[in-house]
Amino acid sequence: SGAPDDLTIGANGSVTVTTGAAVTLNSNNALLNSGTVKTNNANDTAGVLIEGGRTGSFANSGAISITEDYTAEDTNSNGVVDGAYAEGTGRYGVRLTGPGTFVGNVANAPTGQISVEGNNSFGVSLESMLQGNLINEGAINVIGDNTFGIRETGGIQGRIRLQGTIQAQGGGAQAVSIEGDVSGPLAIYGA
């Protein structure tokens with residue numbers, strides 16, 4: 001009918017882009033990723049971009065892979081990586097941004113994997129208000145300087161439940177940073 005609708009990326013489906021956001025939720029609908037969303041060697045990009053001011057939901061039970069071909073090396077054979085952890089910058093696995101509150105849940109299911117490589121990058125970044133729950137039961141891994149596994153700055157009118165694994169590696173990296181007000185409970189069960 002040409003009208004906005006819910007979007008499901010099936011288990012055998014994939015979306016790959018070289019610039020910008022791979023998938024954008026910019027309507028009052030649900031987005032479910034059970035497949036693969038990815039970019040490679042692209043700066044200032046997102047796997048999933050969610051616009052504020054909408055009502056919907058996002059759930060990931062597949063893979064979001066925002067990577068680069070660079071590999072840090074141990075140049076002096078002491079077992080410690082020398083030099084930078086990553087080369088690119090400004091990469092997001094999942095990003096909520098823009099004016100207005102997003103009403104709905106943002107969830108990474110137990111089978112969900114979010115991998116991001118790049119400096120000043122994020123596994124999940126919530127920059128706008130979320131009226132709903134933030135849930136991680138899967139794996140989030142971010143590599144690069146000044147990175148965050150999960151960073152929330154817009155506030156949450158709901159709860160946060162963190163299970164699974166959340167990792168951030170690099171200088172100034174943080175696994176979890178909750179900076180906005182949260183009206184509900186914050187529960188951390190994972191590593």
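This is a predicted model: local features need pLDDT of at least 70, side-chain atom pairs count only at pLDDT 80 or more; totals for chains, interfaces and linings use all residues.

Colleague: What does the side chain of S128 reach?

Modeller: The side chain of S128 comes to 2.5 Å from the backbone oxygen of G98. If neighbours within four places in sequence are set aside, S128 is in contact with L96, T97, G98, G100, G154 and G155.

Colleague: Next, the sheet. In which order do the strands of the open sheet run?

Modeller: The order is β1-β4-β7-β11-β15-β18-β21, which makes 7 strands with parallel pairing. β1 (7-9) and β21 (186-188) each have a single partner strand, so these two stand at the edges and one side of each lacks a neighbour in the sheet. On average, neighbouring strands of this sheet are turned by 5 degrees against each other, direction ignored.

Colleague: Over how many bridges do β7 and β11 pair?

Modeller: Strand β7 (residues 57-60) pairs with strand β11 (residues 106-108) over 3 bridges, in the parallel sense.

Colleague: I turn now to charged residues. How many salt bridges are there?

Modeller: Side chains of opposite charge can pair when their charged atoms come close. In this model the count comes to 5 salt bridges. One of them joins E68 and R91, whose closest N and O atoms are 2.6 Å apart. E68 lies in the loop between β8 (63-67) and β9 (91-97), whereas R91 lies in strand β9, so the pair ties together parts that are 23 residues apart in sequence. Both E68 and R91 are buried.

Colleague: Which parts of the chain does the salt bridge between R151 and E179 link?

Modeller: R151 and E179 form a salt bridge with their closest N and O atoms 2.7 Å apart. This pair links distant parts of the chain, 28 residues apart: R151 is in strand β17 (residues 148-152), and E179 is in the loop between β20 (174-178) and β21. R151 is partly exposed, with a relative accessible area of 25%, and E179 is also partly exposed, at 42% relative accessibility.

Colleague: What distance separates R54 and E51 in their salt bridge?

Modeller: The side chains of R54 and E51 meet at 3.6 Å, N to O. R54 is partly exposed, its relative accessible area being 28%; E51 is partly exposed as well, at 29%.

Colleague: What does I50 touch?

Modeller: Not counting residues up to four places away in sequence, I50 touches L25, F58, V94, R95, L96, T97, F102 and V106.

Terms used:
Residues are numbered from 1 along each chain as its sequence is written. Side-chain values use heavy atoms; hydrogens and water are left out. Two strands pair if DSSP finds at least two bridges between them. Helices (H or I, at least four residues) and strands (E, at least two) are DSSP runs, numbered from the N terminus. Axes are lines fitted to C-alpha atoms, for helices over the stretch in contact, and angles run from 0 to 180 degrees between N-to-C directions. A salt bridge is a side-chain nitrogen of Lys or Arg within 4 Å of a carboxyl oxygen of Asp or Glu. Buried means under 20% relative accessible area, exposed over 50%, partly exposed in between (1.4 Å probe, protein chains only). Contact means heavy atoms within 4.5 Å. A polar contact is a pair of N or O atoms within 3.5 Å; within protein, one must be able to donate a hydrogen and the other to accept it, and residues adjacent in sequence count only if both atoms are side-chain atoms.
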